[in-house]
Amino acid sequence: MIKSLIGFACAGALWLAVANGQVSTVTGSESTGKITDYTPDSALVLDTGSGEPVHYKFARKVTYVDKDGQTIQAPALTKNLRVKVHYVKQGGDMIVDKVTLAE
């Protein structure tokens, strides 16, 4: 009985934290699109095909990989380049920690 009450209380607290935007996912999300704007080491805007550009900020450390999954150093990201980004939502920002070149 006590275990059930504790579990229920924890689940309620987690739901409340999620509803208030206080919990961010550990695994993050991914999105693919063409770069429409790029500020090195700072920000990236993608056209994902949704009709609205999607704005991302870069984490302090970003991993760049080629289409085969091999890590590359400081790629030359340019407009119209197709990429996949891995990001985590923090507050109202989407923070990119990995960029995969799709071309």
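## Salt bridges and core of a predicted chain

D93 is partly exposed, with 31% relative accessible area; partly exposed is the range between buried (under 20% relative accessible area) and exposed (over 50%), found with a 1.4 Å probe and protein chains only. This is a predicted model, in which local features need pLDDT of at least 70 and side-chain atom pairs count only at pLDDT 80 or more, while totals for chains, interfaces and linings use all residues. Residues are numbered from 1 along each chain as its sequence is written, and side-chain values use heavy atoms, with hydrogens and water left out.

The protein chain has 1 helix and 6 strands. Here helices (H or I, at least four residues) and strands (E, at least two) are DSSP runs, numbered from the N terminus. Along the sequence the pattern reads α-β-β-β-β-β-β.

D93 takes part in a salt bridge with K57. Side chains of opposite charge can pair when their charged atoms come close. A salt bridge is counted when a side-chain nitrogen of Lys or Arg lies within 4 Å of a carboxyl oxygen of Asp or Glu.

| Salt bridge | Closest N and O atoms |
|---|---|
| D93 with K57 | 3.4 Å |
| E30 with K84 | 3.8 Å |

The E30 and K84 pair links distant parts of the chain, joining strand β1 to strand β5 across 54 residues. D93 in strand β6 and K57 in strand β3 are 36 residues apart. K57 is partly exposed at 42% relative accessibility, and K84 is also partly exposed, at 32%.

Turning to the interior, 27% of the 103 residues of the protein chain count as buried. A nonpolar core is a set of buried Ala, Val, Leu, Ile, Met, Phe, Trp, Tyr and Cys residues joined through side-chain atoms within 4.5 Å. The largest such core holds 18 residues, and F58, L77, V83, V85 and V99 touch the most other members. At least two core residues come from each of β1 (29-39), β2 (43-47), β3 (54-65), β5 (82-90) and β6 (93-101). β3 gives the most, with 5 residues.

Leaving aside residues up to four places away in sequence, F58 touches several others, including Y38, L44, Y64, L77, I95 and V99. Contact means heavy atoms within 4.5 Å. Among contacts between residues at least 6 apart in sequence, 49% join residues at least 24 apart.
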